[in-house]
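Hi everyone, thanks for making time. I'd like to walk you through one model today, so let's get it up on the screen.

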Amino acid sequence: MSLSASKIRKTALRGRLLSFDADPSQSAKAARFIEDGVLVFEDGIITEIGEAADILKRLDLDVPVIDHRPYLIMPGFIDPHLHMPQTQVIGSYGAELMDWLHSYTFPEESRYSDPELCGSSSVFLIEELLRCGTTTAAVYCTSHPASVDAFFAEADRRGMRMIAGKVMMDRNAPEALLDTPERGYEESKALIERWHGKGRLSYAITPRFAPTSSEAQLLATGVLAAEHPDMHIQTHLSENHGEIAFVRELFPWSKDYTEVYERHGLVRDRALFGHCIHLTERERTSLADNGASAIFCPTSNLFLGSGLFDLAGMKMAGIKVGLATDIGGGTSYSMLTTAMEAYKVLALRRQTLKAYDAFHMMTAGNAAALGLEDRIGRLAPGYEADVVVLDGHATVALRQRMERVQTLAEELFVLMTMGDDRVVAATYVAGKRVHDRQAFTHRPMEDRPEFQLRAADLPAESLAETGDQ
Ligand SMILES: [Zn+2]
């Protein structure tokens, strides 16, 4: 028997469901956990979530139920800061920010004048993110418009919610990477027309950071931002002391780094500032008052020795905070590993990061930092069906450790301490399974207890993406 096209659009997942309705640091009832739950989605949107016993008895018998028990099912992870052209820069030895940019990153980004490389790197990055359970990211491409075309084309092909933009820079970088204020503006504008709002894609206005943009370019960027008041802006802010001193030299009129962006109308809602490690009180107040988001990138901050993010201070100031990998200054694609490194950074600051807070940050918290809290980051009716399935017993060491675990909070903390891409059993984008760990290891379908379906003939299209990963 084959299922009709109208029926196969509806699918259900069964497993241990976890989602956050609010920030667990603010509300004791923020986490919603169902030990044996079912999540139903149709045409890429979640339609129902609840106890398996309730939902299964009224679910149409033709709806495939993919049984992921005993795995955890969560909203797909969200990574609000990373660089597409830096997948071959990760782990470049021994430099601080400005040296690292000039010695490794700029030479690598110069290669992206080649559209073929833009294409192959975009495919690699997206597949790697999906393998790690990340379904949405805010992505810096290079200054070449072709890099944005390639990335968006690949994300769109897979139906992903992605944010990306062309880096604008017109000074203090190799000639091959520089645009001009006019070209940066025009090229961004053309890309916005081509991609913004297509499928689930959104454009981000992307001046790399103050040191690589002239005042004229920041002015043009401000004009572009004013023309698109709801659009994301992404840039870097206050990562490293050398960088801050350089900004002081380049913009002597400015009382601090943040004012350089403020002056050009770039500190606002949906503005994403990577790092924000060494901010003054005034700068924090400005980010909070203007509704901007600070993005905490712990593996990058440790790797480049940039400094220790002050999460408690940022939250106290009322700033929205996101947690991100910052590939390739960052060293892992995994949001679980990133959360563990965040915990360690905060431990050095005598602060803590509870497991619920960390998992909230990776999902609903990061959605809020991106201003997308009404669409992604939660398992709730009306939300987009981007989902990650986590296997807490994926490695020998995890199985040994999990024997002593007694609460969900303990389980989650072990998962983020010892977990990485290996614990991601499956990833769904808009209701479609796009990563399947078992297919990745080439085990035949029949051997997989988690994919025993109530309706055995799951449509071929829902497995089409998994065969060669
Ligand atoms: Zn960055």
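Predicted model: local features only at pLDDT ≥ 70, side-chain atom pairs only at ≥ 80, totals over all residues.

Residues are numbered from 1 along each chain as its sequence is written, and side-chain values use heavy atoms, with hydrogens and water left out. Helices (H or I, at least four residues) and strands (E, at least two) are DSSP runs, numbered from the N terminus.

Back to the metal. The protein donors are His 81 (NE2), His 83 (NE2), His 236 (NE2) and Asp 326 (OD), lying 2.1 to 2.4 Å from the zinc ion. A donor here is an N, O or S atom within 2.8 Å of the metal (3.2 Å for Na, K and Ca), and water is not among the atoms, so sites may look incomplete. Both His 83 and Asp 326 are buried, that is, under 20% relative accessible area, with exposed being over 50% and partly exposed in between (1.4 Å probe, protein chains only).

**Asp 391**

Which loop holds Asp 391? The one between β14 (387-390) and α15 (396-402). Asp 391 is buried too, at a relative accessible area of 7%. Its side chain makes a polar contact with the side chain of Arg 437 (3.0 Å). By polar contact I mean a pair of N or O atoms within 3.5 Å; within protein, one must be able to donate a hydrogen and the other to accept it, and residues adjacent in sequence count only if both atoms are side-chain atoms. The backbone nitrogen of His 393 also lies 2.9 Å from a polar atom of the Asp 391 side chain.

**Salt bridges**

Take a side-chain nitrogen of Lys or Arg within 4 Å of a carboxyl oxygen of Asp or Glu, and the count comes to 34 salt bridges. In one of them, Arg 158 pairs with Glu 127, the closest N and O atoms being 2.8 Å apart. That links distant parts of the chain: Arg 158 is in the loop between α5 and β7, Glu 127 in helix α4, 31 residues apart. Arg 158 counts as buried at 8% relative accessibility, while Glu 127 is partly exposed at 28%. Salt bridges with shared partners join Glu 127, Glu 154, Arg 157 and Arg 158 into one network.
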